[in-house]
There are 2 protein chains.
Amino acid sequence: MPDADPAAIRGDLTENVDAAQALTENVDAAQALTEIVGAAHTLTEPDVVGGYAVDWTGRWRGAPLAVVRPADTGQVAAVVTACAAAGVPVVPQGGNTGLVGGAVPVDGSVPLSLRRLDSRGPVDAATRTAAFGAGVPLAEAQRHVAADGWEIGVDLAARDTATIGGLVATNAGGERVIRHGLTRGQVAGIEAVLADGSVVRRMTGLLKDNVGYDLGQLLIGSEGTLGVVTAVRLRVVPAAARRAVALVGCGSVAGAVDVLAGLRPRLDAGPGELVAAEMFVDDGLALVREHTGLGAPLPDPHPAYLLVETTGGPDDALPEALAEALEATEGVRDAVVADEPARRAALWEYRERHTEAVAADGTRRGAPPVKLDVSLPPASLGPVVDDVRGVLSSAYPDAVLYLWGHLAEGNLHLNVLGVDPADERAATDLVLRTVAAAGGSIGAEHGIGRAKVPWVGLSRSPAELAAMRAVKSALDPARLLNPGVLFD
Amino acid sequence: MPDADPAAIRGDLTENVDAAQALTENVDAAQALTEIVGAAHTLTEPDVVGGYAVDWTGRWRGAPLAVVRPADTGQVAAVVTACAAAGVPVVPQGGNTGLVGGAVPVDGSVPLSLRRLDSRGPVDAATRTAAFGAGVPLAEAQRHVAADGWEIGVDLAARDTATIGGLVATNAGGERVIRHGLTRGQVAGIEAVLADGSVVRRMTGLLKDNVGYDLGQLLIGSEGTLGVVTAVRLRVVPAAARRAVALVGCGSVAGAVDVLAGLRPRLDAGPGELVAAEMFVDDGLALVREHTGLGAPLPDPHPAYLLVETTGGPDDALPEALAEALEATEGVRDAVVADEPARRAALWEYRERHTEAVAADGTRRGAPPVKLDVSLPPASLGPVVDDVRGVLSSAYPDAVLYLWGHLAEGNLHLNVLGVDPADERAATDLVLRTVAAAGGSIGAEHGIGRAKVPWVGLSRSPAELAAMRAVKSALDPARLLNPGVLFD
């Protein structure tokens with residue numbers, strides 16, 4: 001996912017002298033930070049700071065006071081305490097793969113890079129959990145537990161860069177939600193630093209521990225506005241002995257929804273468990289093939305595609321069971337089933353390489369895509385995709401919409417290109433209002449960040465927003481943790 | 001579980017004229033409540049109020065102003081608003097099956113019985129969820145979804161009386177946690193009334209909806225101190241086509257832990273999925289048999305017993321797979337495997353009838369058992385059981401300890417009998433300190449209620465308690481929601 005050209009980012013940032021100016025005006029704060037984490041991990045040179053000061057799409061950027069890279073939870077607590085004393089905002093940052101500006105520093109803030117919190121604990125077989133520092137990338141955590149025959153129940157295309165702490169802070173979804181739920185369901189413990197520098201910790205691995213409010217659950221999905229996640233105890237599951245993947249041609253988005261609805265109970269009754277159900281459509285596939293040079297996945301083109309994966313035990317005849325279930329399911333126009341690892345990976349490429357293909361298209365057009373992550377009742381997916389295409393093309397004749405998503409949760413990733421930058425906010429408004437009017441959520445799995453703050457009221461009532469603000473004021477009264485994210 | 005004799009409860013309560021007195025002094029508040037829910041559902045007669053004013057163990061009781069039985073969420077909101085205006089505490093109550101006094105009214109409060117919120121929505125096959133009013137008993141919800149071939153991922157012995165709202169308010173565990181997690185993991189949406197009478201609601205069934213803090217997740221396990229849960233959208237799972245149950249004789253509690261550790265990976269690799277792993281011991285089994293007249297489950301007695309259940313598809317040879325896995329597992333002294341429903345239920349009876357057998361023993365002894373629900377790292381279960389027996393018998397030579405539990409989560413239910421009522425608090429202190437010293441939690445799945453407030457500091461740090469109090473003050477500044485629960 002993070003394919004932005006670092007050289008290009010640095011080029012932008014060297015023009016930006018705000019960071020240096022802010023630092024000059026805040027010598028004491030910078031000195032305090034240096035004493036905590038050391039000069040080598042208090043970054044102020046614009047060309048070094050650059051990678052932390054802009055998101056990979058290039059859409060969000062800020063001029064930080066200094067980037068701080070603490071080595072452990074104690075240093076995080078000390079940095080948060082020092083910033084609180086100085087009245088300096090703190091912006092937690094993991095892999096910086098977010099798409100809504102939730103980890104990009106505001107001007108004059110201290111981005112707190114958590115990448116050095118990279119501890120990896122052993123898998124505890126009794127509780128089926130393992131502890132990780134917040135800065136461990138998901139893929140590294142996956143490899144770490146795979147060595148002992150385990151898997152992590154969360155997976156997503158940005159796995160090489162997205163960190164465990166970031167997954168928790170955004171309650172990330174991804175490609176295994178149909179089986180394991182969102183990140184929330186895979187968290188067995190959290191350690192975090194609160195706005196006052198105090199540390200809260202439930203990392204024992206106790207699977208039942210209901211003693212008062214579960215502060216960790218409150219922090220999950222709070223996007224760094226209530227605390228800085230420093231460590232996470234994740235659940236693990238036994239690694240599947242076998243896997244099968246099918247790519248299915250469908251007549252439409254609504255047709256793909258119907259195929260999944262017909263297929264799922266058939267898979268429930270047989271060997272193998274459904275762990276993924278992804279969707280993409282014809283023009284997105286064409287863009288991916290153009291960008292990657294991949295061949296056609298099926299002999300004939302289809303308006304929409306469903307990619308499913310099942311897992312099972314060593315004796316399960318998974319590809320046969322999947323093929324049989326597909327044959328019995330109405331609406332399947334064509335399908336290819338793979339169980340050999342390279343063939344499975346090849347099918348997944350059609351889905352996972354959408355992100356980079358769309359980013360490249362944005363580069364060609366001179367403006368990054370407007371990336372909107374929404375969810376809908378599955379039955380509404382087809383009609384809403386049609387509606388969104390309609391309202392966009394009426395208002396912006398040159399607009400191009402690429403979309404894909406996680407079908408079982410009704411989660412669509414909408415990528416709008418070809419809209420004049422001056423019209424992006426209005427185009428976003430059109431799309432999100434169309435989604436909300438159909439009973440959908442304006443934020444599925446990417447968070448709200450700074451990007452979607454103006455539209456939070458489409459998905460949350462005044463009473464809910466008032467309660468959220470009360471919680472924020474209670475835990476971060478000075479509003480120094482990730483200001484501008486979630487709230488105005 | 002709720003086996004208390006209602007006649008005995010009423011006998012106690014008719015002596016108690018505090019309720020009537022309080023009512024006389026609060027005529028306006030009572031009048032306001034009557035106008036909201038109707039006279040028929042504003043209960044003030046001591047012999048009617050009785051069942052709501054004491055828990056089923058008889059250990060906790062209060063003298064309420066009036067019991068109010070709202071018909072819907074609007075009436076709940078109006079009652080909470082009226083009580084807030086009058087400064088009257090509100091105590092939410094579901095099935096009143098709790099064991100820690102969390103739903104028992106304090107003097108002068110309004111117990112809010114949610115049993116009339118009994119709506120049951122259809123299963124939405126696309127999202128695999130169904131909505132229920134907070135007052136629906138778990139067993140009724142289970143029957144409701146079973147009609148369409150689904151199951152609820154939560155089950156516990158008090159299923160006939162415990163309500164969905166109560167399960168959520170306590171984040172109940174039970175007998176399916178090894179497969180489906182605590183109640184938290186099965187909640188796809190919550191509607192609740194906050195302390196100011198406002199209603200927060202996420203009942204759409206959207207499976208990905210990360211827009212700000214998840215207030216529902218904060219309410220789960222908050223024991224009615226932050227809001228009144230009025231409706232819940234629960235996940236459902238396909239009903240298992242086949243089931244197998246095994247009762248396994250083990251050499252000790254630690255031996256049962258080892259058997260489960262050896263058995264679990266064998267079951268992972270074969271057909272069938274482990275959904276329950278319960279433990280009980282020899283003296284508890286003897287008490288159950290004496291109380292129920294049940295025969296011996298195995299030819300010879302054993303120090304400890306493990307009860308496991310697996311589920312699978314229609315073609316799975318579950319009992320054979322379970323028997324084979326047990327044969328290959330070290331530490332199994334004897335085992336019986338059942339798949340026919342009546343035989344499975346007969347094996348479960350040995351575990352589930354512990355509660356009533358212990359309650360009957362308490363009645364014989366003239367004092368209810370001190371019921372303590374704790375969790376431990378599984379490897380510590382055996383040593384801690386020995387330690388608890390040791391410290392109890394040293395301090396109280398007549399003390400009797402019955403215990404059982406949910407083995408995979410290290411969750412023990414400790415029942416202490418034969419201790420003078422004047423020593424109960426000191427005995428509780430001994431047990432909970434022994435558990436905490438071994439890295440355990442003083443509260444696993446029953447909540448803190450009023451019973452365990454003095455010991456919360458054994459499981460939560462000052463920083464965590466300060467954050468909890470800040471959240472409580474933010475959402476219930478007047479402290480009218482379930483006062484005395486969780487906090488002093």
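This is a predicted model: local features need pLDDT of at least 70, side-chain atom pairs count only at pLDDT 80 or more; totals for chains, interfaces and linings use all residues.
Residues are numbered from 1 along each chain as its sequence is written, chains are lettered from A and ligands numbered from 1 in the order in which they are written, and side-chain values use heavy atoms, with hydrogens and water left out.

**How the copies relate**

**Where the chains meet**

- Chain A brings 72 residues to the contact, and chain B brings 72 residues.
- About 5400 Å² is buried between chain A and chain B, 58% of it on carbon and sulfur atoms (buried area is the accessible area, with a 1.4 Å probe, that two parts lose on being put together, summed over both).
- On the chain A side, Lys208(A), Asn210(A) and Tyr213(A) lose the most area to chain B, together 19% of what that side buries.
- Between chain A and chain B there are 12 salt bridges (a side-chain nitrogen of Lys or Arg within 4 Å of a carboxyl oxygen of Asp or Glu).
- One salt bridge joins Asp214(A) to Arg184(B), with the closest N and O atoms 3.7 Å apart.
- Glu273(A) and Arg179(B) also meet in a salt bridge, at 3.9 Å from N to O.
- Glu273(A) sits in strand S12 (residues 273–281) of chain A and Arg179(B) in helix H8 (residues 177–180) of chain B, so this pair joins two chains (helices, H or I with at least four residues, and strands, E with at least two, are DSSP runs numbered from the N terminus).

**Salt bridges within chain A**

- Over all chains, a search of the whole structure finds 52 salt bridges.
- Asp339(A) pairs with Arg242(A) in a salt bridge, the closest N and O atoms being 2.9 Å apart.
- That pair links distant parts of the chain, 97 residues apart: Asp339(A) is in the loop between strand S14 (334–338) and helix H13 (341–352), and Arg242(A) is in strand S11 (residues 242–250).
- Asp339(A) counts as partly exposed at 31% relative accessibility (buried means under 20% relative accessible area, exposed over 50%, partly exposed in between, with a 1.4 Å probe and protein chains only).
- Glu309(A) and Arg243(A) form a salt bridge at 2.7 Å between the closest N and O atoms, and both residues are buried.
- A network of salt bridges links Glu151(A), Arg176(A), Arg243(A) and Glu309(A).

**Spots to look up**

- Gln75(A) belongs to helix H5 (residues 73–86) of chain A and is buried, with a relative accessible area of 18%.
- The side chain of Gln75(A) reaches the backbone nitrogen of Ala71(A) at 2.7 Å.
- Leu486(A) has a phi near 70 degrees, a positive value in a residue other than glycine, and counts as buried at 6% relative accessibility.
- Arg479(B) has a phi near 55 degrees, again positive in a residue other than glycine, and counts as partly exposed at 32% relative accessibility.

Note on methods. Contact means heavy atoms within 4.5 Å. A polar contact is a pair of N or O atoms within 3.5 Å; within protein, one must be able to donate a hydrogen and the other to accept it, and residues adjacent in sequence count only if both atoms are side-chain atoms.
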